[in-house]
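Q: Hi! I have a model open on my screen and would like to talk it through with you. Could we start with the aromatic rings?

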Amino acid sequence: MHSSKYYIEKLNLLPHPEGGFFKEIYKSEEKIHKDHLPERYGGHRHHATSIYFLLETGNRSKFHRIKSDELWYFHAGCSCTVVTIDDNGKLEEHKVGLNIENGEQPQAIITKGLWFGAYVNEPDSFSLVGCAVAPGFDFLDFEMGEREKLLKEFPQHKDIIIKLT
């Protein structure tokens with residue numbers, strides 16, 4: 001099995017603002033005109049985008065939310081857990097990996113507008129996933145979670161909020 005350093009180097013991954021490493025691998029040439037998108041979008045968007053995303057044990061994908069649905073696909077390493085919190089405070093954990101008998105799934109669907117973050121499930125390991133977003137990702141649609149605001153809104157999830165902010 002290859003190390004995280006192997007994938008970071010061979011796939012030319014760069015540090016991601018929310019944590020981990022990434023590289024955009026696809027952005028559709030065609031765009032959806034803003035008049036054909038819901039009002040939450042401030043302009044045109046690519047039909048879809050996709051990235052490689054790698055997390056190592058000890059770093060995490062910090063809580064954030066976007067305006068589009070996002071699909072996570074497992075590629076290599078160990079499983080990771082994607083944690084979501086909806087507006088009503090419902091927390092869900094999605095284990096993304098190949099050990100189906102252990103509750104893992106090869107892909108996870110993160111619905112638009114949910115707060116979500118992720119972490120690697122095993123010590124001294126990493127998770128390499130693909131993340132596809134439709135309509136395509138734009139940093140204008142990205143909101144980083146602020147610890148104090150999330151703790152005030154969802155005090156029942158204090159431990160995971162502290163872990164993922």
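A: Happy to! The structure holds six aromatic pairs. Rings of Phe, Tyr and Trp (its six-membered ring) pair if their centres lie within 6.5 Å; planes under 30 degrees apart count as stacked, over 60 as edge-to-face and the rest as tilted.

Q: What kind of pair do F137 and F139 form?
A: F137 and F139 pair edge-to-face, at 4.8 Å centre to centre with 85 degrees between the planes. F139 also forms an edge-to-face pair with F142, at 5.6 Å centre to centre and 65 degrees between the planes.

Q: Is F142 buried or exposed?
A: F142 is buried, because its relative accessible area is 18% and buried means under 20%, exposed over 50% and partly exposed in between (1.4 Å probe, protein chains only). F139 counts as partly exposed at 46% relative accessibility, and F137 counts as partly exposed at 25%.

Q: Before I go on, where do these values come from?
A: This is a predicted model, so local features need pLDDT of at least 70 and side-chain atom pairs count only at pLDDT 80 or more, while totals for chains, interfaces and linings use all residues. Residues are numbered from 1 along each chain as its sequence is written, and side-chain values use heavy atoms, with hydrogens and water left out.

Q: Which residues form one aromatic cluster?
A: Y6, Y7 and F126 form one.

Q: And what lies over the face of Y119?
A: That is K163, at 3.6 Å from the ring centre. A charge sits over a ring if NZ of Lys or CZ of Arg is within 6 Å of the ring centre and within 35 degrees of the ring normal.

Q: Switching to strands: how many residues of β8 are buried?
A: Six of the six residues in β8 (residues 80-85) are buried. Helices (H or I, at least four residues) and strands (E, at least two) are DSSP runs, numbered from the N terminus.

Q: Which way do the β8 residues point?
A: C80, V82 and T84 point one way, and T81, V83 and I85 the other way. In a regular strand the side chains alternate between the two faces of the sheet.

Q: Which strands does β8 join?
A: Six bridges join β8 to β9 (residues 91-96), antiparallel, and six join β8 to β11 (residues 115-120), also antiparallel. Two strands pair if DSSP finds at least two bridges between them.
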